[in-house]
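Subject: Structure handover

Hello,

Here is the structure for you to look through. My notes on it follow below.

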Amino acid sequence: MAEILLQEKKGEGVLLLTLNRPEAMNCFSFDLLALLGEAIREANFDTGLRCLIITGAGGNDPQKASFSTGADLKERRTLSPDQVRRFIFTIRSVFTSVEQLRVPVIAAINGFAFGGGMELALACDIRIAARTAIMGLTETSLAIIPGAGGTQRLPRIVGIAKAKELIFTARRITAQSALEIGLVNKVVEPEKLIDSAGEMAHEIAQNGPIAVTQAKFAINCGMDAPLSVALPLESKAYEITIPTKDRMEALTAFAEKRKPVFKGE
């Protein structure tokens, strides 16, 4: 079972997770969700981790490459209504754990990202897409709705009107269209996707790890709060960085005209 989720170190502080069910377009089974959930839980306790990248297996061939096409519909047909409810609870919980991971998460969208696959990308902090990627929340075409956070995260990223349009029509859009509406941060050639994600991950990893963690916390928790609550929340997050050794190291390195060496302390 472990082979359906691959883990690979991509340099200091960066971990790459690859959904590895290419024969099923990396769709989510109960088994894959269990492994992804476990990997995210372990990542929270990896003190050396600075950034996580998630992608799908399938290579650079646009006809085969898939980030994930969502739920495993072959498995779904065998499930009772109660089991379907359990699946939806599980996938929603796992994706929320991705969103709440203490370090930044980059989705490297290498191909098709539909339904739950798109919802996983939405739960990530940053999205980089291959030029050939196609994505969409296609659930209404199957007489259901996005159930793993799509109706909530997409409007927060692209705005409520555009999100309604995309969800109501079940439209599939290109990577370039996704870039134009702010759904993805960057579009690159397929063969450069992992390197591009790795470069951004290493750029993040060079900064103070406690500061990056607190910045993510302040942004995520402050976005849905009124400014009167969000600004004090930012202040509290800032206060955590003040007594750290990393902050003093940054000041010392600046004075000595050298690159700081951060240790997450």
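Please keep in mind that the model is predicted. Phe87 is a contrast: its relative accessibility is 2%, which puts Phe87 in the buried class, since the cut-off for buried is under 20%.

These two residues belong together. A search of the whole structure turned up three aromatic pairs. Phe30 and Phe87 form an aromatic pair with edge-to-face geometry. Their ring centres are 5.2 Å apart, and the planes make an angle of 85 degrees. The partners come from distant parts of the chain, 57 residues apart. Phe30 sits in helix α1 (residues 30-44), while Phe87 sits in helix α3 (residues 81-100).

How do the two helices run relative to each other, parallel or antiparallel? The axes of α1 and α3 come within 10 Å and cross at roughly 30 degrees. Angles under 35 degrees count as roughly parallel, and therefore α1 and α3 are roughly parallel to each other. Their crossing is left-handed.

The contact between them looks like this:

- From α1: Phe30, Leu33, Leu36, Gly37 and Ile40.
- From α3: Gln83, Arg86, Phe87, Thr90, Ile91, Val94, Phe95, Ser97 and Val98.
- By class, the contact of α1 with α3 has nine nonpolar, four polar and one charged residues.

**Helices α9 and α10**

Helix α9 covers residues 209-222, and helix α10 covers residues 227-241. Their axes come within 9 Å and cross at roughly 170 degrees. That angle makes α9 roughly antiparallel to α10, because angles over 145 degrees count as roughly antiparallel. The crossing of α9 and α10 is right-handed.

Which residues make the contact?

- On the α9 side: Ile210, Ala211, Gln214, Phe217, Ala218, Cys221 and Gly222.
- On the α10 side: Ala230, Leu233, Glu234, Ala237, Ile240 and Thr241.
- Divided by class, the contact of α9 with α10 holds nine nonpolar residues, three polar and one charged.

Ile219 also lies in α9. Is Ile219 buried or exposed? Its relative accessible area is 51%, so Ile219 is exposed. Ile219 and Leu233 are 14 residues apart in sequence. In space, their C-alpha atoms are 9.4 Å apart. Leu233 is one of the α10 residues in the contact with α9.

Two loop residues deserve a check of the backbone.

Met25 lies in the loop between β2 (14-19) and α1. Its phi is near 55 degrees, a positive value in a residue other than glycine. The relative accessible area of Met25 is 30%, so Met25 is partly exposed.

Ala143 is placed in the loop between β8 (134-136) and α5 (150-158). Ala143 is not a glycine either, yet its phi is positive, about 65 degrees. With 72% relative accessibility, Ala143 counts as exposed.

Best wishes

Note on methods. Residues numbered from 1 in each chain as written. Predicted model: local features only at pLDDT ≥ 70, side-chain atom pairs only at ≥ 80, totals over all residues. Heavy atoms only, no water. Axes fitted to C-alpha atoms, helices over the stretch in contact; angles between N-to-C directions. Helix = DSSP H or I, 4+ residues; strand = E, 2+ residues; numbered from the N terminus. Parallel < 35°, antiparallel > 145°, perpendicular 65-115°, else oblique. Left-handed = near helix turned anticlockwise from the far one by under 90°. Contact = heavy atoms within 4.5 Å. Nonpolar A, V, L, I, M, F, W, Y, C, P; charged D, E, K, R; others polar. Phe/Tyr/Trp six-rings, centres within 6.5 Å; stacked < 30°, edge-to-face > 60°. Buried < 20%, exposed > 50% of the residue type's maximum accessible area, 1.4 Å probe, protein only.
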